[in-house]
Amino acid sequence: MTHQVFFEDVHEGDEIPQLRKNCSTQQLVLWAAASGDFYQIHYDKDFAQATGLKGLIVHGALKNAFLAQLLHDWIGEGGQVRRFGCSYRGMDEPGQDILCRGVVTKTYTRDGKHYVDLDVWTERPDGKRTSPGTATVTLPGRG
Amino acid sequence: MPDTETAFQITDEMRAQIGIESEPWTYEVTTTSVRMYARGIGSEDPIHYDVDFAKQQGFRSIVAPLGYIGTPVYLPGSNDPTFGFPRRASGPHLNIPFKGLLDGGTETEYFDVICAGDVLEETSHLADLKLREGARPMLFITNESVYKDKATGKVVAKQRLTSIHM
Amino acid sequence: MAQAAPSVITDEMRALVGVDGPPLTLEVEKANCRMFARAVGHTDRIFYDEDAARARGYRSIVAPPGFLGTPVFHPGAAAQGPPGAGRGYSVPYRRVLNGGTEYEYLPENGVVCAGDTITAVSRISSFEETEGSLGPMLITTRETTYTNQHGAVVAKMRGTMIQY
Amino acid sequence: MAQQAYFEDVEVGQQLPPIKITPDKQQLVKFAAGSGDFNPLHFDEKFPMLKPMGLTENIVHGRFKYAQVGRAVFAFAGYKGRVKRFGVSYRGMDLLNREITVGGVVTAKREENGEHLVDLDVWTEDAEGKKTTPGTAVVALPKRGS
């Protein structure tokens with residue numbers, strides 16, 4: 001069972017626990033299978049290069065799903081992911097770390113529900129934020 | 001191989017593993033999984049895609065292409081991450097001194113048509129061990145999986161997989 | 001300031017804004033929830049194990065975030081691009097980028113679980129033109145609404161496509 | 001789907017209509033998705049296991065070829081026939097982007113326990129005509145008017 005984070009313990013500016021990913025070529029094929037996106041730039045190097053890319057690239061939607069996992073793992077059993085999204089601003093390669101991060105931007109209570117807004121993003125080893133986005137989750141209150 | 005090493009032989013201990021049944025594992029046949037397998041083999045036969053069409057032909061639902069007997073339930077840590085098959089505690093255990101491995105063959109025996117919606121219970125056992133002696137000995141290991149329909153308890157298929165270790 | 005490129009948004013395209021596309025059926029099953037969770041690397045067993053999901057109060061295995069089922073595949077139907085792609089208009093740009101994706105969940109209407117059948121309906125919410133470092137660009141924003149078998153809207157997705 | 005074959009109409013020596021397929025990487029990735037076999041041997045040209053196997057290219061899954069044999073046998077049986085058994089051995093590797101031809105021939109007809117059985121030799125053949133996946137199959141066919 002995961003540790004439960006409560007609304008009262010969360011403050012603007014807090015960074016949530018990071019999630020580190022590193023996609024093997026196999027993971028990209030697993031994602032193709034799971035998502036139904038069989039575009040060859042994600043597993044066929046020759047095809048990728050013929051389209052002008054340096055090599056294989058990680059699916060944008062997979063990075064989006066990584067950000068969802070970052071949130072899901074943080075909010076625990078008592079929380080709910082209400083909204084998450086990102087833009088695709090840079091490419092990630094298989095075999096390279098993708099660091100998923102999030103920072104709290106706002107906390108508020110509406111209709112008895114405790115909301116937390118966050119900035120979320122994936123980050124390359126060179127520091128480039130390749131998938132910046134935002135999210136909203138609800139958290140349980142103490143008591 | 002060094003001369004001092006005695007030639008590999010199938011021992012009685014290895015033979016004693018034949019027939020020991022593994023714990024069961026659940027395999028699911030779903031509309032989505034049948035369609036994906038059919039796409040994977042390049043078939044466009046509507047019997048594998050269109051539920052209404054398959055029912056008109058007298059089947060319960062879309063028909064699993066031959067060779068597909070469902071997807072094992074995948075639980076992290078319990079299945080092989082590459083092949084998906086369950087890693088089971090019980091069942092045969094063999095110490096094989098060979099590093100090389102080849103897929104030798106596949107054989108499926110059907111007792112019923114497998115359709116989407118079927119939930120199967122699979123058990124496996126070591127069915128056969130054969131040694132082909134020579135300069136480079138080859139060990140043929142045949143495992144048999146038996147698939148039962150969970151709802152009726154009826155055996156619907158048996159599949160034998162032969163691996164060649166050399 | 002350089003003269004702006006002529007607009008590529010036609011009346012035909014404007015007429016499509018806000019119009020629902022054809023409904024798409026998505027199936028949520030235990031097996032495809034597990035496959036999605038496995039591909040992402042989720043560790044929470046509510047995405048894999050029915051007993052674990054039930055113990056947490058769900059009907060069955062929970063669809064991982066970002067997963068709303070697998071579209072029913074029809075062989076021979078037009079190439080299965082992104083839902084609603086290439087619908088009845090063309091623009092003079094050859095390059096396409098996926099600009100971003102955002103999912104909004106409405107869990108009070110129902111949490112998506114294995115066994116659900118989801119109907120997805122997509123519509124274009126806007127066309128916008130900008131001039132970027134890549135030259136003139138058309139930004140198409142599309143919204144998809146996901147409705148479950150009980151008629152409840154359980155999620156929405158907004159996607160951005162950039163053509164230049 | 002071809003017309004339904006009936007037991008009376010099948011003759012020993014009869015050939016199955018050939019199926020030809022040239023699997024590319026996308027096809028094999030789809031097969032990985034369908035079969036659950038995600039061995040990078042079939043899609044990653046840098047996979048370290050290729051070299052010790054003496055390979056410089058990805059190879060087609062044996063089970064893909066088995067499934068192609070299955071397609072031919074299933075098409076022969078028709079919707080009213082029932083495939084009782086089919087098996088193959090893997091005798092040679094096939095590389096991506098090479099044409100594979102699936103063939104079969106009727107070797108015997110017999111009646112057993114009230115079923116009308118047809119025995120077949122089946123195989124896949126590479127572009128050079130080598131049978132890389134030989135095997136056999138047994139199909140129960142309906143009789144006319146039954």
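1. At roughly what angle do the axes of helix α1 of chain A and helix α2 of chain C cross, and within what distance do they come? The model is a predicted one. In it, the axes of α1(A), residues 25–35, and α2(C), residues 30–40, cross at roughly 150° and come within 8 Å. Since angles over 145 degrees count as roughly antiparallel, the two helices α1(A) and α2(C) are therefore roughly antiparallel to each other. The crossing of α1(A) past α2(C) is left-handed.

2. The residues behind this contact can be listed. From α1(A) come Gln27(A), Leu30(A), Trp31(A), Ala33(A) and Ala34(A), and they meet Met35(C), Phe36(C), Arg38(C) and Ala39(C) of α2(C). By class, the residues of the contact of α1(A) with α2(C) are 7 nonpolar, 1 polar and 1 charged.

3. The axes of α2(B) and α1(D) come within 7 Å, with a crossing angle of roughly 150°. α2(B) and α1(D) are therefore roughly antiparallel to each other, and their crossing is left-handed. On the side of α2(B) the contact uses Met36(B), Tyr37(B), Arg39(B), Gly40(B) and Ile41(B), and on the side of α1(D) it uses Lys30(D), Phe31(D), Ala33(D), Gly34(D) and Ser35(D). The contact of α2(B) with α1(D) divides into 5 nonpolar, 3 polar and 2 charged residues.

4. Is α1(D) mostly covered or mostly uncovered? α1(D) is mostly covered, with 10 of its 11 residues buried. Among the buried residues are Lys25(D) and Lys30(D), along with Leu28(D), Val29(D) and Phe31(D). The cover over the buried residues of α1(D) includes α1 of chain A, α2 (31–41) of chain B and α2 of chain D. After α1(D) comes Gly36(D), which has a positive phi near 80°.

5. Which pair of chains shares the most contacts? Of the 5 pairs of chains in contact, that pair is B and D. Here 32 residues of chain D are in contact with 26 residues of chain B. On the side of chain D that touches chain B, α1 (25–35), α2 (62–77) and β2 (82–89) each supply at least two residues. α2(D) gives the most to that side, with 10 residues. The residues of the side of chain D that touches chain B comprise 15 nonpolar, 10 polar and 7 charged. By contrast, chain C and chain D are joined by no contact, and their closest C-alpha atoms lie 9 Å apart.

6. Trp25(B) stands opposite Glu122(B) in β4(B).

7. Chain B has 3 helices and 6 strands, in the sequence pattern α-β-α-α-β-β-β-β-β. Its C-alpha trace spans about 65 × 30 × 30 Å along the principal axes. Of the 166 residues of chain B, 34% count as buried. Among contacts in chain B with a separation of 6 or more, 68% are between residues 24 or more positions apart.

8. Chain A has 3 helices and 5 strands, and its pattern along the sequence is β-α-α-α-β-β-β-β. The C-alpha trace of chain A spans about 55 × 30 × 25 Å along its principal axes. Of its 143 residues, 43% count as buried. For contacts in chain A between residues at least 6 apart in sequence, 68% join residues at least 24 apart.

Conventions
Residues numbered from 1 in each chain as written. Chains lettered and ligands numbered in written order. Predicted model: local features only at pLDDT ≥ 70, side-chain atom pairs only at ≥ 80, totals over all residues. Contact = placed C-beta atoms within 7 Å. Helix = DSSP H or I, 4+ residues; strand = E, 2+ residues; numbered from the N terminus. Buried ≥ 20, exposed ≤ 12 C-beta atoms within 10 Å, placed from the backbone. Axes fitted to C-alpha atoms, helices over the stretch in contact; angles between N-to-C directions. Parallel < 35°, antiparallel > 145°, perpendicular 65-115°, else oblique. Left-handed = near helix turned anticlockwise from the far one by under 90°. Nonpolar A, V, L, I, M, F, W, Y, C, P; charged D, E, K, R; others polar. Pairing = 2+ DSSP bridges.
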